[in-house]
2 protein chains.
Amino acid sequence: MVSKKYIIRLCRYRNVLYRLKSMGFMRVVSNNLADATDVTALQVRKDFSLAGITGNKKGGYRVDELIEKLNQILGKNEIQKVILVGVGKIGIALMYYKGFEEEGIKIEAAFDIDPQKYGKQKDIPVLPLERLRDFVKTNNIKTGIITVPDMAAQQVFNLMISSGIKGVLNFAPIKLRSTPDIVINNVNLVMELENLIYFVNTGERNKGEIL
Amino acid sequence: MVSKKYIIRLCRYRNVLYRLKSMGFMRVVSNNLADATDVTALQVRKDFSLAGITGNKKGGYRVDELIEKLNQILGKNEIQKVILVGVGKIGIALMYYKGFEEEGIKIEAAFDIDPQKYGKQKDIPVLPLERLRDFVKTNNIKTGIITVPDMAAQQVFNLMISSGIKGVLNFAPIKLRSTPDIVINNVNLVMELENLIYFVNTGERNKGEIL
DNA sequence: GTATTTTTGTGAAAAAAATCACATATATAT
DNA sequence: ATATATATGTGATTTTTTTCACAAAAATAC
Ligand SMILES: NC(=O)c1ccc[n+]([C@@H]2O[C@H](COP(=O)([O-])OP(=O)(O)OC[C@H]3O[C@@H](n4cnc5c(N)ncnc54)[C@H](O)[C@@H]3O)[C@@H](O)[C@H]2O)c1
Ligand SMILES: NC(=O)c1ccc[n+]([C@@H]2O[C@H](COP(=O)([O-])OP(=O)(O)OC[C@H]3O[C@@H](n4cnc5c(N)ncnc54)[C@H](O)[C@@H]3O)[C@@H](O)[C@H]2O)c1
């Protein structure tokens, strides 16, 4: 059983590795990765050790091998399909963001209740909410993003889950009522900012929470 | 020295308390707060104990008193001024978001290098980047949000810090080079999604990382 | 007015995560 | 070939965070 923090560190290593690879690096030592990801070299090695990844006593790790292993662990070898509900300000920002596709994540469709939104954004179809269930089943989608107003979030969530979705990235600052088999990651930007402001005001050092 | 997680829990309690208050509640027991915030009742009491907040052995905590204490600890008794740099898709979404003001956070101004963006968004002035330093000093701003393209983030960060900013909420998925006295909270949405997908794919239960 | 129930509060214990200490392998230099 | 420097790898240790166990206070019931 692994923790979220651990997986996020693996993702970070992977990101850095791709950049190193594109720069022509063949090998990398734990120290390089540590510098680039804000963890200690020891933590890097421990993580790899735990992940069953092994390097050379001198000369560190082979970049290609590392990427391959991490991709395997992180399930990055096929494109990950997601849907999005709520084609508003933040939803549209996400739909136009190129960063997801670069990581093999594709927003296959978006849904809204406002007919004015139907059509396309970028190359992503925007469909009526009623078509969600069918779309999710047909395309075997397992992951959804919620960017609807707070009041609508629970109801959209319920629809998603009953349609077969297993994991939700939720931008509404509410606690979704759910069951333990569903994975929910909440993005609460107000809280991120409140938190930041707290540490700024008190002058206390935020001990480098990852992410 | 407190951790980020701890402060975030306090923020969550506070949110729930405001809602309870608006519903007319005068008192609350640790169990209620626990249910609403996805932590255990014990954790709630421990947190309060640590924060020097004390309740009644029966009848729990006074809502008003709790809110007051939490506001005090979290520095919520005055409006928190922030600036934003990068009036693009995500920057604009944030500028139009009402959730910040509801929590006493005000985006005082935004900055960009594209003259087409100058003017206003909602009621927030959008100014040339060159005016940042002056604005920050004059208005004694301590907190900034970075929503510029990845390539520009470090440079904008440097400008912010050299202008007197002490804390940054960074949306660019890069590691900002900084010094230990500066607080940085990174929001990495790709990683949130990658992480979610990992737990969906493996069927492992993500042990409820807060936030 | 005494017993019972409810709920806080905290020192102690357990669990989880990070770090240390050091053994081990391998490349490079001499 | 031997010594030296560089890095990994892991059991042990420390630190941090959460949970347990139970005492104490206050309301309610009998
Ligand atoms: N905008 C931000 O910067 C920001 C920041 C943090 C959190 N959020 C949260 O993100 C969510 C969306 O914010 P926004 O600013 O993009 O809002 P928005 O009003 O711009 O967009 C909401 C969209 O959801 C659609 N919608 C409403 N009810 C729906 C339903 N039942 N089913 C499907 N679609 C529905 C609306 O038609 C609209 O297109 C909110 O919960 C908000 O709290 C936004
Ligand atoms: N859009 C998203 O959903 C999303 C999601 C995750 C992360 N991000 C990150 O947020 C950042 C912004 O993304 P976006 O989609 O809003 O981009 P965008 O291109 O829509 O907007 C960027 C804005 O920054 C301005 N800008 C560029 N260089 C600048 C500089 N040196 N100083 C000041 N302003 C400058 C541009 O004029 C533009 O207005 C990126 O780092 C991106 O990786 C965005």
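Domain bounds, as used here, come from an automatic or database domain assignment. The model is predicted. For chain A the assignment gives domain 1, residues 4–73, and domain 2, residues 80–191. A distance of 31 Å separates the C-alpha centres of these two domains of chain A.

**Surroundings of DNA strand C**

- DNA strand C is surrounded by 23 residues. The closest are Leu42(A) from chain A, together with Ser30(B), Thr54(B), Gly55(B) and Lys57(B) from chain B.
- Of the atoms of DNA strand C that come within 4 Å of the protein, 55% belong to sugar and phosphate.
- By class, the surface near DNA strand C comprises 10 charged, nine polar and four nonpolar residues.

**Polar contacts with phosphate oxygens**

- In chain A, Arg9(A) places a polar side-chain atom 3.3 Å from a phosphate oxygen of DNA strand C.
- Gly55(B), listed among the closest residues, contributes a polar backbone atom that is 2.6 Å from a phosphate oxygen of DNA strand C.

**Contributing elements**

- Two or more residues of the surface near DNA strand C come from each of α1 (4–22) and α3 (41–51) of chain A, and α3 (41–51) of chain B.
- The element that gives the most to this surface is α3(B), with four residues.

Methods:
Residues numbered from 1 in each chain as written. Chains lettered and ligands numbered in written order. Predicted model: local features only at pLDDT ≥ 70, side-chain atom pairs only at ≥ 80, totals over all residues. Heavy atoms only, no water. Near = heavy atom within 4 Å. Polar contact = N/O pair within 3.5 Å; in protein donor to acceptor, adjacent residues only side chain to side chain. Nonpolar A, V, L, I, M, F, W, Y, C, P; charged D, E, K, R; others polar.
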